Amino acid sequence: MASVEEIEPIDCIEGLPHPRMCNQLVGHKNVEDEFLSSFNGGRFHHAWLLTGPKGVGKASFAYRAAKFLLANGQSGGGLFGPPETLDVDSGSPDAHLIQSGLHPALKILKREYDLKGKKYFSVIRVDDVRALSSFFGLKTSGDGWRVVIVDTVDDMNNNAANALLKVLEEPPEKTVFMLISHAPAGLLPTIRSRCRKVQFSTLSETNIRTVLQEILPGDERIGDPALPILADGSPGRAALMLQNGGLEVFASILDIFRGYPNYDGQMLHDLADICGKKNAETTYQLFCEIFPWWISRLVRMSSASMSGQELLAGEAELFKTLTAQRPVDFWIHVWERANERISDADRINLDKKQIVLDLFLIATLNK
């Protein structure tokens, strides 16, 4: 049985640096400025709700802010006046301890690994939150901060959320909470009201490529014209695509649809085989994201007559071919049925290869 150290962390993309390694954050100067202004202003908020799409840099910011706070004991202070950036010397003791995952004043609250079930728990449990009490009981050196990063607060069950709320209502002294959320509307309103909300925006194509060059230096696929479209403003999503065959899955989907409605059986089964492999869970999940996303893209582009839209080579011709054979209403129905089928598959653990075949079948049924 794998040891805890050998288990792939749930809070980072396999094969990429963990967010705690981030020393510079691209594309979010407004967020850093807001955080610094609060820190330097003497009325520093104890809880920050970091919201925005997945993979845009929320966790990286949380760790960058933690390094800054743990290296600065007094808010707004400093030998040379208030700090102007969140930069911290990467060789400093605090930065080194955080990057090693060993800083005693930093606690990460996330879904834990179930050694008995050999998988991560589906939620952050109430006992995980209650375990923070021992962390709060530890003394920090000097007048130092404590930082709690919750990655993500969306993963909490109701009992855990209520337990966290009690802590936020009476926060321990010199403790800052960084709550990461991809879907803040689903949180308890009382949790949202106790936090200062910060919205992270999607990144430009240039910034996405800049981030990717930092974490995947030398990868020629970073220049692929399909990547920024698939990334949808998220460098994390782009990296996930590169590391798990997302570009290849997307290309296969387009190639298969070029034969519509008479698919190339070999291409179709090759894609289904790739997604259905035992250790290809992430590739399958990417397929389940890309397929309905591209159908919705077909609908949007067709409704807008594709004027002024960013299209890939050959995509306009494919859209015209598909909408010439079936009306836009049909493709809306395909999108709805595809999402339903994917949801059903997740709920009752259906065969992944069959799901891939089913989605293409749905796109040909006149029902």
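I began with the largest cavity, which holds about 40 Å³ of space; volume here is the space filled by probe spheres set on grid points, joined across faces, edges and corners. The model is predicted, so I note the limits: local features need pLDDT of at least 70, side-chain atom pairs count only at pLDDT 80 or more, and totals for chains, interfaces and linings use all residues. Residues are numbered from 1 along each chain as its sequence is written, and side-chain values use heavy atoms, with hydrogens and water left out.

**Cavity.** I looked up the count and found one cavity of 30 Å³ or more. A cavity is a set of points, on a 1 Å grid over the protein atoms alone, where a 1.4 Å probe fits but cannot get out; lining residues have an atom within 4 Å of a point. For the largest cavity, I list Cys 22, Asn 23, Arg 64, Lys 67, Leu 86 and Val 88 as the lining. I sort this lining into three nonpolar, one polar and two charged residues. In this sorting Ala, Val, Leu, Ile, Met, Phe, Trp, Tyr, Cys and Pro are nonpolar, Asp, Glu, Lys and Arg are charged, and the others, Gly among them, are polar.

**Strand β1.** I took β1, residues 47-51, next and found five of its five residues buried. Buried means under 20% relative accessible area, exposed over 50%, and partly exposed in between, with a 1.4 Å probe and protein chains only. Strands (E, at least two residues) and helices (H or I, at least four) are DSSP runs numbered from the N terminus. In a regular strand the side chains alternate between the two faces of the sheet. In β1 I find Ala 47, Leu 49 and Thr 51 buried on one side, and Trp 48 and Leu 50 buried on the other.

I then checked the pairing, which requires at least two DSSP bridges between two strands. Strand β6 (residues 175-181) runs parallel to β1 and is joined to it by five bridges; Leu 49 has Leu 179 as its bridge partner there. Strand β7 (residues 196-199) is also parallel to β1, with four bridges, and its Val 198 stands opposite Leu 50.

**Cores.** A nonpolar core is a set of buried Ala, Val, Leu, Ile, Met, Phe, Trp, Tyr and Cys residues joined through side-chain atoms within 4.5 Å. The largest has 89 residues, and I note Met 178, Phe 257, Phe 287, Trp 294, Trp 331 and Phe 360 as those touching the most other members. Helix α13 (residues 281-303) gives the most to this core, twelve residues. Apart from this core I find another, of 25 residues, including Phe 136 and Leu 187.

**Ala 59.** I place Ala 59 in helix α2, residues 58-70. Ala 59 is buried, at 15% relative accessible area. Beyond four places in sequence, I find Ala 59 in contact with Pro 19, Asp 151 and Ile 180, contact being heavy atoms within 4.5 Å. Ala 59 and Asp 151 are 92 residues apart along the chain, with 7.4 Å between their C-alpha atoms.

**Backbone.** I find a cis peptide bond from Asp 151 to Thr 152, omega near 0°; Thr 152 sits in the loop between β5 (146-151) and α6 (158-169). Another cis bond joins Tyr 260 and Pro 261. Lys 118, not a glycine, has a positive phi of about 60°, and at 57% relative accessibility Lys 118 is exposed. Lys 174 also has a positive phi, near 55°, and lies in the loop between α6 and β6.

Terms used
On a 1 Å grid over the protein atoms alone, a cavity is a set of points where a 1.4 Å probe fits but cannot get out, and a pocket is an open set with protein on both sides within 12 Å along at least five of seven lines; lining residues have an atom within 4 Å of a point.
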